[in-house]
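Take the stops in order.

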Amino acid sequence: MSEGYAIELYFDPALENQVLKAWNVVARRQISTHLIEIESRPHITLFSSPFIDPSKLENIVKGFASKQDPLPLSFGSIGSLANDNNVLFLAPTPTLPLLQFHFQLCDAMKREGIEIGEEYRPDSWIPYCPVAEEVPKNRMAEAFTVLRDLKLPVNGYAMDIGLVEYSPVRELFSFVLGSSVES
């Protein structure tokens, strides 16, 4: 049974590989393998909801993606969320284009009657790319130390946007930014 759905922003192959390196370093140290186990893909979550009709989102996301250009991203810092999932992440620089991208997506969904939960509203959304989830509390400091050894910033582009069902992660559809062709 599905836990929910998420609209995710995906990266160019070089940036994706940099994030996967971080996942693998954390996994090799046996700190966390959760993202690998749930078959996730490096991403920034733009929206998530336990209750959504995927078919309603497909046309919204497809139309939105066709009007967007690939988005430059720079991950320059490491952070942690203050929740029970013990998530460590790479934080993108919150540039105006990234924030506008998210705002425009939320606006397109609201126009179609989709409610945006508090966590994903433009005035409270925190963009991040998870690199470790469910890190044991007693290993958080070690995980931070391991991730600090990454050569930051890592730069690249957001190239695709898609909808996944989780968990495990299963991509329902994705679209290349700037194209109306399904990938």
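Begin by selecting P13, A14 and R28, the exposed residues carried by the face of helix α1 that is turned away from its buried side; here exposed means over 50% relative accessible area, buried means under 20%, and partly exposed is anything in between, computed with a 1.4 Å probe on protein chains only. What you are looking at is a predicted model, in which local features need pLDDT of at least 70 and side-chain atom pairs count only at pLDDT 80 or more, whereas totals for chains, interfaces and linings use all residues. Residues are numbered from 1 along each chain as its sequence is written, and side-chain values use heavy atoms, with hydrogens and water left out.

**Helix α1**

Now extend the selection to residues 13–28, which make up helix α1, where P13 has its place; helices (H or I, at least four residues) and strands (E, at least two) are DSSP runs, numbered from the N terminus. P13 has a relative accessible area of 63%, and therefore counts as exposed. If you draw a distance from the C-alpha atom of P13 to that of I60, which is 47 residues apart from P13 along the chain, the separation is 25 Å.

How far does α1 reach from its first C-alpha to its last? With its 16 residues α1 reaches 22 Å, which is close to the 22 Å expected at 1.5 Å a residue, the expected span being 1.5 Å times one less than the number of residues.

Next, colour L15, E16, V19, A22, W23, V26 and A27, which are buried in α1. They cover an arc of only 140 degrees around the axis, which puts them on the same side of α1; the arc is that of the directions from the helix axis to the C-beta atoms. An α-helix has 3.6 residues a turn, so residues three or four places apart point the same way.

Look at both ends of the helix before leaving. At the start of α1, a side-chain oxygen of D12 comes to within 3.0 Å of the backbone nitrogen of A14. After α1 comes Q30, whose phi is positive, near 55 degrees.

**Salt bridges**

Select R29 and E142 together, and you will find a salt bridge whose closest N and O atoms are 3.6 Å apart; the term stands for a side-chain nitrogen of Lys or Arg within 4 Å of a carboxyl oxygen of Asp or Glu. This pair links distant parts of the chain, since R29 is in the loop between α1 and α2 (34–37) and E142 is in helix α5 (residues 140–148), 113 residues apart. R29, at 44% relative accessibility, counts as partly exposed, and E142 counts as partly exposed at 29%.

Move on to E171 and R41, which form a salt bridge with their closest N and O atoms 3.5 Å apart. E171 lies in strand β7 (residues 170–176) and R41 in the loop between α2 and β2 (44–49), so this pair ties together parts that are 130 residues apart in sequence. Both ends are partly exposed, E171 with a relative accessible area of 37% and R41 at 26%. Include E16 as well, for salt bridges that share partners join E16, R41 and E171 into one network. How many salt bridges are there by this rule? The count comes to 7.

**Aromatic pairs**

Select F11 and F75, whose ring centres are 5.5 Å apart and whose planes are at 65 degrees, so the pair is edge-to-face. Rings of Phe, Tyr and Trp (its six-membered ring) pair if their centres lie within 6.5 Å, with planes under 30 degrees apart counted as stacked, over 60 as edge-to-face and the rest as tilted. F11 is in strand β1 (residues 4–11) and F75 in strand β3 (residues 71–80), 64 residues apart, and both F11 and F75 are buried.

Then select F173 and F175, which have ring centres 5.4 Å apart and planes at 45 degrees, so the pair is tilted. F173 counts as buried at 4% relative accessibility, and F175 is buried with a relative accessible area of 0%. A search of the whole structure finds 5 aromatic pairs.

Key. Polar contact = N/O pair within 3.5 Å; in protein donor to acceptor, adjacent residues only side chain to side chain.
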